[in-house]
Amino acid sequence: MYIVAPKDYMNYNQCIDPSCCGAVYPRSISETFQQGDIFTNSCTDNLSVLYWHYSGFAFLSGFYDECFLEDIYDLLLDKSSTISKRFILFTDNTAIEQFFRAKENVAIERRYFFEYKKEYPVITAKLPEGYRLCEINNELLQKINGKITPAFSWDNLNDFLEKGKGYCIVCGNDIAAWAFSAAISSDEIDIGIETDSKYRHLGFAQIVAQMMIRYCFEQHKAPVWACHAENTASINLAEKIGFVKSSECFTIQKAST
C-alpha cells in the first residue's frame, strides 16, 4: 500500500463514485477542503484507492483484491501505520463486509444516509427568553463541548472558520445545541449536530439543523445527513425536517476491548 502525496490528491477525485455512501468525505479530501490521507495499491496505478478522512471515516474505490484488504485490516488494527486516528471503513459491498466479518477483533454495524427532499426551510420555532441563535465564531467554538463538534472532523479549527460554517444556540455561557459542516465537497455538505444533555427535548436541534440546511441552499450544495442505524433520535429529527432515507452501508472498525 502506497500513500499519495497531497499535491496529487486532485488526481484521485475522479475515482470516487458519486453515488457511494458518504461520498462527501473522500471528496472533501481529494478536493482539499479538509485533511485526510489517500492510499493506493501501487505507485503506478490507482486501481485500488483508500480515502481516510481526518474524522476517521474511510472509503474504498476501484478494484479491491485480498492483498489490499489485508493492508486495510492492518490499518484498522493499528498494525502498520504511524497515523494516529481511528479507522471506520464505510462500504455497501457485501463481499468486503464478509471479508472483514471473518476477521478477529472487528465490529460491523450499519449506518443510514438521508437526502433532503423539501424546499428552502422556513424556521418558525421561537427561542425561550435568554437564548440566542448565533453563527459559530472563534469565541463560541472554544466553548462547544461534546462528541460531535467541529474538532471531530476538522484538524485545524481556523480552517473550519474559513471554509466551514456552523450555528449554535447560546444560553449564558453554555452552548446548548450546535450544527456545523462536518464534511464539505464541491457539491455537498454533511451536517454534524449535537445538543448538550441539559438542553435536550426543547427543539433546539431542529433550529440549528434548519439553519445549516439554509446555508447549504445558499452555497448551492446538497445537505447530507447520516447516522448510526440505531440512533432513533437522529433518524426522527432527519425525517421531521425533510430528509428521506436514501441508502445504508456497513461500518467496519476495530472491536472495543
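## Ser 48 and Ser 61

Not counting residues up to four places away in sequence, Ser 48 touches Phe 39, Thr 40, Asn 41, Ser 61, Phe 63, Tyr 64 and Phe 68, where contact means heavy atoms within 4.5 Å. Ser 48 has its place in strand β3, and with a relative accessible area of 1% it is buried (buried means under 20% relative accessible area, exposed over 50% and partly exposed in between, with a 1.4 Å probe and protein chains only). The model is a predicted one, in which local features need pLDDT of at least 70 and side-chain atom pairs count only at pLDDT 80 or more, while totals for chains, interfaces and linings use all residues. Residues are numbered from 1 along each chain as its sequence is written, and side-chain values use heavy atoms, with hydrogens and water left out.

Ser 61 belongs to strand β4 (residues 57-62) and is also buried, at a relative accessible area of 7%. When its neighbours within four places in sequence are left aside, Ser 61 is in contact with Cys 15, Leu 47, Ser 48, Val 49 and Tyr 51.

## The sheet

The 12 strands of an open sheet follow the order β1-β2-β3-β4-β5-β12-β6-β11-β10-β9-β8-β7, with mixed pairing; its edge strands, β1 (2-3) and β7, each pair on one side only. Helices (H or I, at least four residues) and strands (E, at least two) are DSSP runs numbered from the N terminus, and two strands pair if DSSP finds at least two bridges between them. Strand β5 (residues 88-91) pairs with strand β12 (residues 243-254) in the antiparallel sense over four bridges, and Leu 89 has Ile 252 in β12 as its bridge partner.

Strand β8 (residues 166-171) is mostly covered, five of its six residues being buried. Strand β7 (residues 131-135) pairs with β8 in the antiparallel sense over five bridges, whereas six bridges join β8 to strand β9 (residues 174-184), again antiparallel. Val 170 in β8 stands opposite Arg 132 and also opposite Ile 175 in β9. The hairpin formed by β8 and β9 has two residues between the strands, and Gly 172 in the turn has a positive phi of about 65°.

## Helix α2 and its surroundings

Helix α2 lies across β2 (36-40), β3 (48-53), β4, β5, β6 (106-116) and β12, and runs at about 15° to β3. Helix α2 (residues 66-76) also packs with helix α3 (residues 94-101) at an angle of about 55°, with their axes 11 Å apart; axes are lines fitted to C-alpha atoms, for helices over the stretch in contact, and angles run from 0 to 180 degrees between N-to-C directions.

The two helices, α2 and α3, are therefore oblique to each other (angles under 35 degrees count as roughly parallel, over 145 as roughly antiparallel, 65 to 115 as roughly perpendicular and the rest as oblique). On the α2 side, Glu 66, Leu 69, Glu 70, Ile 72 and Tyr 73 meet Ile 96, Phe 99 and Phe 100 in α3. By class, this contact of α2 with α3 has six nonpolar, no polar and two charged residues, with Ala, Val, Leu, Ile, Met, Phe, Trp, Tyr, Cys and Pro counted as nonpolar, Asp, Glu, Lys and Arg as charged, and the others, Gly among them, as polar.

## Positive phi in two loops

Thr 32, in the loop between α1 (24-30) and β2, has a phi near 65°, a positive value in a residue other than glycine, and is partly exposed at a relative accessible area of 45%. His 201, in the loop between β10 (188-195) and α7 (204-218), has a positive phi of about 65° although it is not a glycine, and His 201 counts as exposed at 82% relative accessibility.
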